Structures are given as C-alpha cells and as structure tokens.
2 protein chains.
Amino acid sequence: MPEIRQNVATKDWVIIATERAKRPEEFVREKKEPKNIPSLVSTCPFCPGNEDKTPKEIFAIGDKDKWQVRVVGNKFAALFSTIPLQRKIKGIERCISGFGVHEVIIETPRHDMTTALLSYEAVKQIIVAYKTRYNTIAENSNIELITIFKNHGLAAGTSIAHPHSQLVATPVVPSHIRYRVNEAMRYFDDNGECIFCKMIRDELGEKERIIIDSEYFVTFIPYAALSPFHTWIMPKRHMSSFGDISQAEVEDLAKSLKELLLRIYQGLDNPDFNYVIRSIPTSECKTDYFHWYLSLIPRITKTAGFELGSGMFINIALPEESAKFIREISVK
Amino acid sequence: MPEIRQNVATKDWVIIATERAKRPEEFVREKKEPKNIPSLVSTCPFCPGNEDKTPKEIFAIGDKDKWQVRVVGNKFAALFSTIPLQRKIKGIERCISGFGVHEVIIETPRHDMTTALLSYEAVKQIIVAYKTRYNTIAENSNIELITIFKNHGLAAGTSIAHPHSQLVATPVVPSHIRYRVNEAMRYFDDNGECIFCKMIRDELGEKERIIIDSEYFVTFIPYAALSPFHTWIMPKRHMSSFGDISQAEVEDLAKSLKELLLRIYQGLDNPDFNYVIRSIPTSECKTDYFHWYLSLIPRITKTAGFELGSGMFINIALPEESAKFIREISVK
C-alpha cells in the first residue's frame, strides 16, 4: 500500500509508491565496460600541466608543482565578484546585478579517478578546501548564501569527467532556503529543540534507515526520502553553519563521505549523482534551530510534470529497503 | 552582465547567466529523421481496440465505438481512491495512507500524433476532459490539491509515445504550494490586488516577453523564467481555480495552448517538455489573491546540484530573446 510521508524538518511530502516500487537491485546501472581512461589528458583544463587553461588559482593544497586539490574561478561563471552589487526594481521586474562567487574545486590531479575511489586522505583535503573557501567567502558581508555541490555524470548535469565540485555564493537567500530555515525556527519556538537534532536521535533509535553511524556524523536515508537512495550525512553536534566544522569533524566527514560514495559506486555501479552541502545563510551562522547537512541525490529516476507542478515527489524505492541494501554492500 | 531576477509572484530567484548564455537557435534539437510511426499500435494500451488493457474507463468524449478523448485509471497508480484516508504520527514519522486519485487522459486515438499537431477541436476536447475530471474530483472533501500535467518525451519522464496527460489528486497540500499561496495572500493583504493580475497587466504593457495575446489568455515567458522557453499561459480574468474556467475560456485556452505547442514543436523541433496546471488547493477555490495558470517547461537543460541545493535556477537563455524567437516562428 502506498504511503504519503512527510519530512518533519523540510516539510516536504513524498509519495512512496509501493505499487510501482522496484527492489533495490533493480536500480543497479547496467554494467558498462570500463573505458580505458588515461590518468592525464592533455586537453583537460583540470589536469596537471594545464594550470594556465583555468582562471586564476584561488587556493591549493599540496606542493607548488604537485598540487592535490586546486580551487579556481569557474571559466563559465554564472556570477562574478567583480560586478558591483546593485538592486533594480521597476514594476514586477526585480533584479540584482550578477554579483557573487562561482568557483571550481578540482578534487585530484588524476583525470581517471572518481571521488569514491580516492584515498581517505585525499577526500579529507577536498573537505578542507570546502571549509577554507566557505569561511573566506562568508567574510564578505554582501554574500548571503554559500552552496557547495558536486555534479557527477551526465544525468547530474556535468560533462567534465575530471573529478571536481563547485561553490556558488549568492547575494540573496533563495525563498526555498528561507522557508526551510523558518520552518526550523518555528519548530524550535514551539518545542525548544532543533528538529534536525531530534531527527538524528530518532533515526539512531530506529536504526533501520541508518547507513553509517560514525563518531561525529550519522549517514541515513531520510524517512521521507525524495528519490531512490537519497541520503543525508548530518553532524551529530548541533551546528548551523558548515563553516563551523572542527578539524576532528572534517576527518570524520571525510570517512563517512568516502564510505557512502564507495558503497553507492559499488552497489549501484557508479550511478550519476549530485551532492550538496545545505548550510544556514551566512548572516545567521549560530542559530539554535538550523542544522547543516550534506544531501546526496543519485540521479537514477527522472522528475516529471507532477514533481515540477506540485513540488511533491514520487519515490519508487522504500527508504528502509534502500538503506538495508546500501548498508549490506561489502566495501572493499 | 548576468542578472539575478526574482519572480514577484512565486518569489523564486533565478540567475540569468549571460556569460554562458546561448542564442535561441542553439537550443533547437538536432534534426532526427522522422520515424515511421503507425497510427495504431497493437501493443499500445492507449490505442483503440485495446480498451480492455487499461483500468476502467472513467470518462470519455466521442461515440461509444469512436472515442476522441478517454480518461482511465493509471495502471501504475501512485495513489488509490479505494484506500481509506488515515494519518499516522510516531516521533519524526508522519504519514498518510496512499489515498488519492491518479488518472490518465488519453488525448487522441491516434498513436502517431502529438498534441501540437492535433486539431483545435481535439485540443478543446482535452481541456474539456481536464475540467470535467477536475470538478468531479474536487467534490471529494478529502482531496486537497489536484495537479494536471503532461510529460512529453524521455527527458520529461515518460516512455509512452501515445499522447496522454495525467491527473494526480492528493489528500494534502504540498508545502511548495502552501508557500506560493501564502505569498500571494500576503501581497493581496499589502496591496489590495492579485499579484498575478498585476503581472499580466505589466507584461501586456511591456510587450517584449509576450508570445500570444488572445481574448481571454496571455501567453508569455516570465521575467524570471527558470529555464530556456519556460512559458506561462494565464487567464486574464481573475480566477483561483482551474475548475472555474468558462466554456468561452476553454475554447480560447485550446487555441493558445495549441499555438504555443506548435510554435515550440516547429521552432525547437519537437523538444521534450512538461506542462502543468497550477490551481489553488480545492478547499479555497474562490480567493481574491491566487490565480491559476498553465506552466510549460521544455526539458532542454538539466538541473544540477546547485538547483537541487539552493532551489535557485540558472537560466542560460534570456527571457526577452526567447520570447522574440518563439513569437517570430511562422506557424503553418
């Protein structure tokens, strides 16, 4: 029997469509022969030796001639920090000049790698780069929201194979984020606690949707997951801003993220996916009510007219079965 | 220079990314040889002669042996009207039994047709079917929202070629819709008018984003269009519920919808698309503040991690240029 479930934190409703549900193993991508990808591609702007093909380097980890992680401006940036911030309002036309930040985090010098297969140490350096850039950009008082995300594969919106993530900082808080923060605030006002902290406690008690329970993070499939294998990694410590992550937490997040990506890579045979770090707007960094997290969305199913029209999703995988499947993959 | 634009009615912000913008003609789908599709396919459950392969017929237009439009239950329904409506709340787990309605509107007996190429009379009958089912289902006091939508093509989430639309009725109002209605209500409270009515007036005055200005409807690309060729068809008369559309308006909507679909079909060479009718929750049918409309979203670009994470879109087409392009297609 289908169910309509609500995520108590985001207020999203989702139809868990049991009548058209698939078993977890039915989502495994068809095996493709692994292509012979070279570790270095002369035409790839993200490969070592082509550093002059990217916009200016903003940050790097590693030696000058042997970087491990490299942050550069996006060559096809959507927003620019050099544009003066201006508002224009005329009738129904409301606009802000294209001020903002758009950076690329090149995750490894190896063209043929995928984040799931990088060493734990390498994944840690990616998160260090995220944190460093987040906190530096957050100092700009004209920036209101920083979104760090990764697109992996064509269905997830990227055509560049070399492992990379992106950061976009905007001078405005999108309504979607305002609504979520307001819902969390209202829950705190009514109940005196963070709804995300409660969710972590309940999920750890229930156990059936947990994938990884590490020292500082819990990795689980939300009760009202929007799509098959939609997964959250959430810090156990109450923390509104990703920028406040401690060194010990960076290390633990690297472990959880690497393990989750590896499980997905092996269990579902390298599906396309997005992940995103959802953090509080930068001007409200220390709230009692909002809690940052990383959300992973494998792009296995398509959104159609119903989702676009209602904002409600139809998930054809049972969250509990999906979690069990990912949990039971034996990770080499 | 890029701009960050806001849709004053929905409150959505969108980045109009001029640096990566494409000219309208660059979005035209690569020409494919038209396949030789037969008008009748023996294995298609939506084709005449296979009426017993669909769930029970709910509504039809035409003669008994020669239907023009046929409404049936969805064989892979996400929700069922036979399930008793029940709520269950336990800790963070909040769920409603899978009560609801999920129907398919078979738009024509012709398998090889596409809505854009149907006669005006045939498109009118589809809208009559929408209206009839909308108003019948709205009488059920357990139904809170009715979403009518169409998925055309693989990228839009359908694999069935025979022209059809769908209707999903849910026993809950998704938060996405609540927020939009609340924003419209707040605008009305502050300004004493419907924000959508103001938008129509301003767009008709500006002219540059208008595609079709007919007797009862205005078809335009919103100032803050979320993606290339994202188009709204909006009734000129203030009306919150789609169910209140008059016979004259049905006829005029059929003309505008057919013309828009034909322009898109010819100008962009039959792209995949979704459209959706956004109407007020059924229990609030006559408000001063909300205004129903049809939203068309060609699925030409992909949403990636930034959109999923922030709820903010990056549009690589200028709304004014897109509107001009669609307006200037000579429709045969």
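Okay, first stop: B:His111 is buried, with a relative accessible area of 12%. Buried here means under 20% relative accessible area, with exposed being over 50% and partly exposed in between, using a 1.4 Å probe and protein chains only.

Quick housekeeping. This is a predicted model, where local features need pLDDT of at least 70, side-chain atom pairs count only at pLDDT 80 or more, and totals for chains, interfaces and linings use all residues. Residues are numbered from 1 along each chain as its sequence is written, chains are lettered from A and ligands numbered from 1 in the order in which they are written, and side-chain values use heavy atoms, leaving out hydrogens and water.

Back to the histidine. Where does B:His111 sit? Look in the loop between strand E7 (101–106) and helix H1 (120–138) of chain B. Helices (H or I, at least four residues) and strands (E, at least two) are DSSP runs, numbered from the N terminus. Leaving aside residues up to four places away in sequence, B:His111 touches a set including B:Cys44, B:Cys47 and B:His162; contact means heavy atoms within 4.5 Å.

Now the strands. There's an open sheet of 5 strands, ordered E15(A)-E2(A)-E1(A)-E6(B)-E5(B), with mixed pairing. Two strands pair if DSSP finds at least two bridges between them. At the edges you have E15 (313–315) of chain A and E5 (87–90) of chain B, each pairing on one side only. On average, neighbouring strands are turned by 25 degrees against each other, direction ignored. Inside that sheet, E1 (3–7) and E2 (13–16) of chain A run antiparallel with 4 bridges, and A:Ile4 has A:Ile15 as its bridge partner.

Over in chain B, 6 bridges join E3 (57–63) to E4 (66–73), also antiparallel. B:Glu57 stands opposite B:Val72, and a hairpin of 2 residues links E3(B) to E4(B).

Last one, the helices. The axes of H1 (120–138) and H4 (247–267) of chain A come within 8 Å and cross at roughly 125 degrees. Axes are lines fitted to C-alpha atoms, for helices over the stretch in contact, with angles from 0 to 180 degrees between N-to-C directions. H1(A) and H4(A) are therefore oblique to each other: under 35 degrees is roughly parallel, over 145 roughly antiparallel, 65 to 115 roughly perpendicular, and the rest oblique. Among the residues making the contact are A:Ile127 of H1(A) and A:Leu253 of H4(A).
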